[in-house]
Amino acid sequence: MSEIIKVGMADLKTCLPPNGVTTLGLGSCVGIALRDTGNKVGGLAHIMLPDSKAVNTGQSNPAKFADTGIDELIRQMEALGANRRRLVAKIAGGAMMFALQGKSTTMQVGDRNVEAVKKKLAELKIPLLAEDTGLNFGRTVIFYPETGDYVIKAVGKGEKKI
Amino acid sequence: MSDLTLEQVTENYFDVLKEIGNIGAGNAMTALSQMLGTKVDMHVPQVQLLDFGEVGEVMGGEEQIMVGVFLGVEGDITGSMLFLVEQKSAKHLIDKVMMGMGNPEVEEFTEMELSAMQEIGNIITGAYLNSLSTLTNLCIYPSPPALTVDMAGAILSVPAVEFGIYGDKILMIQSQFFDEMEIDGYFILVPDIDSYQKILGALGLPV
């Protein structure tokens with residue numbers, strides 16, 4: 001029996017086929033799905049903020065940030081036998097939920113999250129195969145490392161696969 | 001700068017925050033009651049400091065469809081505020097405000113209904129912030145509200161991001177209110193961490 005492992009907000013999980021990983025209601029957060037194309041070890045990180053170095057108040061949770069979240073996810077996947085040279089990525093989320101005029105940069109956190117994720121993936125030379133990011137609605141995602149399918153659901157918009 | 005963490009604020013001033021929530025929500029309900037022309041009752045608000053993961057569950061799951069009204073707070077204190085209502089409750093409220101011209105059976109919202117909801121949100125949050133302003137003698141200006149209908153998890157990511165800068169928890173004031181049916185509404189006031197000190201200081205508490 002396969003199961004779907006749930007990832008919370010500012011959280012990350014690894015998974016082995018035939019299991020999948022899911023995270024519900026991504027808003028401005030980004031869901032980063034990584035997969036080893038060889039042995040199909042997969043993982044999903046639900047990050048909230050772009051940069052762990054921009055805040056310095058004794059942060060303990062690496063899964064909260066794009067940079068440390070990706071590092072930690074790869075570390076845990078490697079523990080399951082993944083090879084970082086074979087990793088590929090798909091990402092979703094990074095929406096702007098509310099359009100407020102004149103509000104500070106925190107409102108564009110979705111865009112900044114997506115940017116930070118892409119930058120980090122490029123640094124690590126992990127190819128970004130597909131993305132469904134931006135706009136103004138929330139997304140629920142399910143990732144199946146077996147096939148690499150990343151299923152995205154949104155309210156009133158049905159389901160799609162990238 | 002601030003040396004007060006959210007945990008310390010909550011631990012030491014829990015009753016104060018609860019009272020702020022109580023007064024704010026109470027005034028919001030009075031405003032709502034006047035708008036609807038009926039009696040609106042409320043339960044004692046609950047103040048909770050939750051992990052990010054728990055927040056969605058409190059509201060019936062991350063995928064629970066909610067209506068969120070979000071506004072910025074400027075003036076002596078800065079931050080933002082979110083008012084969340086569950087979809088069915090929102091439909092009920094809207095139908096009341098539109099004097100029976102809403103469509104409570106249909107899940108989708110019409111343009112007119114969204115506009116009505118925005119106004120409800122505007123009045124409720126305005127009353128909430130007004131009472132906070134009167135209580136503390138601080139100037140608080142709300143920005144015009146923005147509205148969205150989406151999954152609870154996605155809406156909550158907005159205040160969660162603001163809390164995420166300071167820690168791993170979110171401070172939430174939950175108010176349940178009811179007229180002839182139970183309406184679940186949630187207020188999330190997100191003062192910037194420095195503003196907590198201003199609020200507590202204005203109330204004459206040693207910080």
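In what order do the 5 strands of the open sheet that includes β2 and β7 of chain A follow one another? In this predicted model, the order is β2-β5-β4-β6-β7, and the pairing is mixed. The edge positions are taken by β2 (11-15) and β7 (128-133) of chain A, each of which has a single partner strand, so one side of each is left without a neighbour in the sheet. On average, and with direction ignored, neighbouring strands of this sheet are turned by 10 degrees against each other. Strand β6 (residues 87-93) of chain A pairs with β7(A) in the parallel sense, over 5 bridges. Within β7(A), A:Asp132 is the residue that stands opposite A:Ala92.

Both helices described here pack against this sheet. Helix α2(A) touches β4, β5, β6 and β7 of chain A, and its direction makes about 20 degrees with that of β4(A). Helix α1(A) lies across β2, β4 (30-36), β5 (42-47) and β6 of chain A. Relative to β5(A), α1(A) runs at about 160 degrees.

The two helices also meet each other. Two packed helices are described by the angle between their axes and the distance between the axes. For helix α1 (residues 66-79) and helix α2 (residues 109-123) of chain A, the axes come within 9 Å and cross at roughly 45 degrees. The crossing in which α1(A) passes α2(A) is right-handed. On the side of α1(A), the contact is made by A:Ala66, A:Asp67 and A:Ile70, while α2(A) contributes A:Asn113, A:Ala116, A:Val117 and A:Lys120. By class, the residues of this contact divide into 4 nonpolar, 1 polar and 2 charged.

A further open sheet of chain A is formed by 5 strands in the order β1-β3-β8-β9-β10, again with mixed pairing. Here β1 (4-6) and β10 (158-161) of chain A stand at the edges; each has a single partner strand, so one side of each is left without a neighbour in the sheet. Neighbouring strands of this sheet are turned by 25 degrees against each other on average, direction ignored. Strands of a sheet pair through backbone hydrogen bonds, either parallel or antiparallel. The antiparallel sense applies to strand β9 (residues 149-154) of chain A and β10(A), which pair over 4 bridges. A:Val151 has A:Lys161 in β10(A) as its bridge partner.

Taken as a whole, chain A contains 2 helices and 10 strands. Along the sequence these elements follow the pattern β-β-β-β-β-α-β-α-β-β-β-β. The radius of gyration of chain A is 15 Å, close to the 15 Å given by the globule rule for 162 residues, so chain A is as compact as a globular protein of that length. Taken along the principal axes, its C-alpha atoms fill a box of roughly 50 × 40 × 25 Å.

Two loops of chain A carry backbone features of note. Most residues other than glycine have a negative phi, and most peptide bonds are trans. The peptide bond from A:Pro17 to A:Pro18, however, is cis, with omega near 5 degrees. A:Pro18 is located in the loop between β2 and β3 (20-26) of chain A. A:Leu135, although not a glycine, has a positive phi of about 55 degrees. The position of A:Leu135 is in the loop between β7 and β8 (139-144) of chain A.

Chain B comprises 6 helices and 8 strands. Its elements run α-β-β-α-β-β-α-α-β-β-α-β-β-α from the N terminus on. A compact globule of 207 residues would have a radius of gyration near 17 Å, and the 16 Å of chain B agrees with this. The C-alpha atoms of chain B fill a box of roughly 50 × 35 × 30 Å along the principal axes.

The contact between the chains takes 28 residues from chain A and 26 residues from chain B. On the side of chain B that touches chain A, at least two residues each are supplied by α2 (52-58), β3 (65-75), β6 (146-151) and α5 (152-164) of chain B. The most is given by α5(B), with 10 residues. This side of chain B divides into 13 nonpolar, 8 polar and 5 charged residues.

Conventions
Residues are numbered from 1 along each chain as its sequence is written. Chains are lettered from A and ligands numbered from 1 in the order in which they are written. This is a predicted model: local features need pLDDT of at least 70, side-chain atom pairs count only at pLDDT 80 or more; totals for chains, interfaces and linings use all residues. Axes are lines fitted to C-alpha atoms, for helices over the stretch in contact, and angles run from 0 to 180 degrees between N-to-C directions. A crossing is left-handed if the near helix is turned anticlockwise from the far one by less than a right angle, and right-handed if clockwise. Two residues are in contact if their C-beta atoms, placed from the backbone, lie within 7 Å. Ala, Val, Leu, Ile, Met, Phe, Trp, Tyr, Cys and Pro count as nonpolar, Asp, Glu, Lys and Arg as charged, and the others, Gly among them, as polar. Two strands pair if DSSP finds at least two bridges between them. The radius of gyration is taken over C-alpha atoms; the globule rule is 2.2 Å times the number of residues to the power 0.38.
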